[in-house]
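Notebook open, model loaded. I'll jot down what I look up as I go.

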Amino acid sequence: MLSLANPVVFDPALLHKYNQPLPRYTSYPPATEMTEDFSSRDFEAAIAVGNYKQTPLSLYCHIPFCESACYFCGCNTVITRQKKVADPYLDYLERNIAQVAQRVKHRQVNQLHWGGGTPSYLTMAQVERLWNVLHQHFEFEPGAEISIEVNPRDLDREYVRFLKDLGFKRVSFGLQDFNLKVQAAVNRIQPEAMLFDAMGWLREAGFESVNVDLIYGLPYQTLATFRDTIEKTLRLDPDRIAVFNFAYVPWLKPVQKKHIDPGTLPGPAEKLEIFHMTIDRLTAADYQFIGMDHFAKAGDELAIAQAQGQLHRNFQGYTTLPESDLLGFGMTSISMLHDVYAQNHKGLRDFYKAVDASELPLERGVVLSQDDILRRAVIMELMCQFELSKSAIEEKYHLSFDQNFDDYFARERQDLKVLEADGLVRLTPNHIEVLPAGRLLIRNIAAVFDPYLRDRTIRQFSQSV
C-alpha cells in the first residue's frame with residue numbers, strides 16, 4: 001500500500017534536469033504509434049475477444065463544437081456559432097454508435113463520458129436525444145459513472161438541473177485562470193461571478209463530483225496572479241483539480257502561432273515557482289497529489305483507490321473503475337481495447353463519408369504486441385500507484401523462470417539506476433518505488449520502459465514539467 005506521508009518533494013534542480021517533451025501515457029503505446037496501416041477487422045476481433053471475456057465497457061462520445069477557439073486548447077474541435085450543425089452530427093453519431101453496438105454482445109457499461117469540444121454546446125433536447133440513443137443500444141450498470149464536460153459560459157440553473165435529472169453524476173469544467181487579462185489573451189473570457197454561479201448551481205443540483213481544470217504557463221501569468229487564482233479556486237471548493245502545464249506548440253497549433261506572443265509567457269524559472277506554489281497550496285488545503293497534474297480531496301475515491309493500489313488510467317485520465325474496454329464514438333474519438341487502439345477520422349467530412357459507406361469510421365490504429373501489453377502494465381502501475389511489485393508482474397504476465405522481471409528489463413534497469421542515483425526511485429529485489437522527489441517526474445520514470453521513444457520525434461509532446 002502506498003504511503004501518503006510527505007507525498008511530493010519539489011527539487012528545482014531535478015525538475016530542470018529532467019524537463020523534456022514526453023508522452024502523458026494515458027495509453028501505452030501512446031496514440032502517436034497508431035498508423036493508417038490498420039484494418040477494421042482487427043478492431044472487430046478485439047471487440048469479439050471482449051465479448052468472450054465479458055469485459056466491462058467504458059463509452060466516450062466526442063462533441064467537437066465550440067462557439068469560439070481557446071488558444072491554449074489542443075483538442076480536435078469545430079469552431080462555429082451555427083448551432084444547426086449539431087443535429088446532422090448527431091445523426092451520424094447515432095449511426096456510429098449503432099455500428100459498434102451491433103458488434104458488442106451481452107456486456108455492461110460501467111463508465112460514460114462526454115467530451116469535446118464542448119458537450120454543453122448541445123441544447124437540452126439534443127442532449128436528451130444522445131442520452132436515449134446510448135441507453136437504447138447499451139446496458140448500463142446501476143452504479144455506472146456518468147460524466148460530462150461543460151463550459152461555464154453555456155450554463156444556467158435550468159440546464160444544470162436538467163443534466164442532473166437526466167442521470168449525469170460528475171461534471172468537469174475549464175476554469176484555466178481567474179485573471180481577466182490572462183483570459184483575454186487566450187480568448188476565454190469568463191468572469192469570476194460566472195464561475196461561482198456555475199459551481200453554485202452544480203452544488204445545488206447535487207452532483208457527486210465536480211472537477212475544475214487550471215492551466216499554468218499562460219500569457220501574462222505571474223506567481224502573484226496565479227496565487228490569486230488558486231485562492232479563488234479553493235473558495236470554489238471543487239472535489240478534484242487538474243493543473244495542466246500549458247503546451248506552447250506553435251509548430252503544431254497554428255492558432256497559437258497567430259495569437260500568442262511567446263514574449264508574454266512566464267519564463268521557465270517563474271513557471272516552476274508557479275507550479276511549486278500550486279502544489280504547496282493545494283496539498284496544504286487537504287488535496288491529495290494523485291499524480292501528473294491531478295489533485296483530489298483526501299477523502300475522494302481517487303485518493304482512496306491510490307492508497308489501496310486500485311487506481312487505473314486510460315484515455316480519459318485516472319479512474320477507480322476496473323479495467324474495461326473503451327469505445328469511442330464521433331469524429332477523432334479513440335477506442336482502447338485490450339490489444340487494439342483505434343481512432344476515428346479527425347475530419348468531419350471523412351467521418352461522415354465512412355459512415356455513409358456503412359464502414360467503421362476508423363482512420364488509424366495499432367495492434368499491441370505481447371511486449372506492448374507487458375510494458376503497458378508496468379507503466380500504468382508506476383503512473384497510478386507510484387510503486388510496482390516485480391513478482392506480481394511476473395506472475396500475471398507469465399514471465400519464464402529463466403527470464404524474470406530484471407532479466408526482461410535489463411536495459412531499463414540500468415536507466416533506473418541513474419534515476420535512483422538522483423533520488424527519484426528506490427530499487428529493491430522485488431519492488432520499484434517512486435520516491436517523493438520522483439512523483440513530479442513520473443512521466444520520465446515511465447518513459448524508461450518506452451522503447452518507442454528511441455525512434456520517435458519527441459518534439460510533438462508537451463514538457464514533462
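Where is the place of Thr319? I found Thr319 in strand β12, residues 317-319. This is a predicted model, so I keep that in mind for everything below.

**Thr319.** I then followed its side chain, which reaches the backbone nitrogen of Leu321 at 3.1 Å. Skipping neighbours within four places in sequence, I listed contacts of Thr319 with Gln111, Glu145, Leu302, Gln310, Leu311, His312, Arg313 and Asn314.

**Helix α8.** I moved on to α8, residues 223-236. The helix has 14 residues and spans 20 Å from first C-alpha to last, close to the 20 Å expected at 1.5 Å a residue. Which residues of α8 are buried? I noted Phe226, Thr229, Ile230, Lys232, Thr233, Leu234 and Leu236. A reminder to myself: an α-helix has 3.6 residues a turn, so residues three or four places apart point the same way. The cover over the buried residues of α8 includes helices α7 (192-205) and α10 (268-284). Strands β6 (170-176), β7 (209-216), β8 (240-245) and β9 (287-291) are also among what covers them.

**Positive phi.** Most residues other than glycine have a negative phi, so I looked for exceptions. Just after α8, Asp237 takes a positive phi of about 60°. Asp237 sits in the loop between α8 and β8 and is partly exposed, at 37% relative accessible area. I logged Ser358 too, not a glycine and again with a positive phi of about 60°. Ser358 lies in the loop between α12 and β16 (362-367), and at 63% relative accessibility I count Ser358 as exposed.

**α3 against α12.** How do the axes of α3 and α12 cross? I have α3 (residues 86-101) and α12 (residues 348-356) coming within 10 Å and crossing at roughly 50°. The two helices are therefore oblique to each other. I put the crossing of α3 past α12 down as left-handed. On the α3 side, the contact is made by Pro88, Tyr89, Tyr92, Arg95, Asn96 and Gln99. From α12 I wrote down Leu348, Phe351, Tyr352, Val355 and Asp356.

**Cis peptides.** Last, I went through the omegas. The bond from Tyr28 to Pro29 is cis, with omega near -5°, and Pro29 lies in the loop between α1 (12-18) and α2 (40-53). Gly116 to Gly117 is cis as well, with omega near 15°. I placed Gly117 in the loop between β4 (108-116) and α4 (124-137).

Notes
Residues numbered from 1 in each chain as written. Predicted model: local features only at pLDDT ≥ 70, side-chain atom pairs only at ≥ 80, totals over all residues. Heavy atoms only, no water. Helix = DSSP H or I, 4+ residues; strand = E, 2+ residues; numbered from the N terminus. Polar contact = N/O pair within 3.5 Å; in protein donor to acceptor, adjacent residues only side chain to side chain. Contact = heavy atoms within 4.5 Å. Expected span 1.5 Å × (residues − 1). Buried < 20%, exposed > 50% of the residue type's maximum accessible area, 1.4 Å probe, protein only. Axes fitted to C-alpha atoms, helices over the stretch in contact; angles between N-to-C directions. Parallel < 35°, antiparallel > 145°, perpendicular 65-115°, else oblique. Left-handed = near helix turned anticlockwise from the far one by under 90°.
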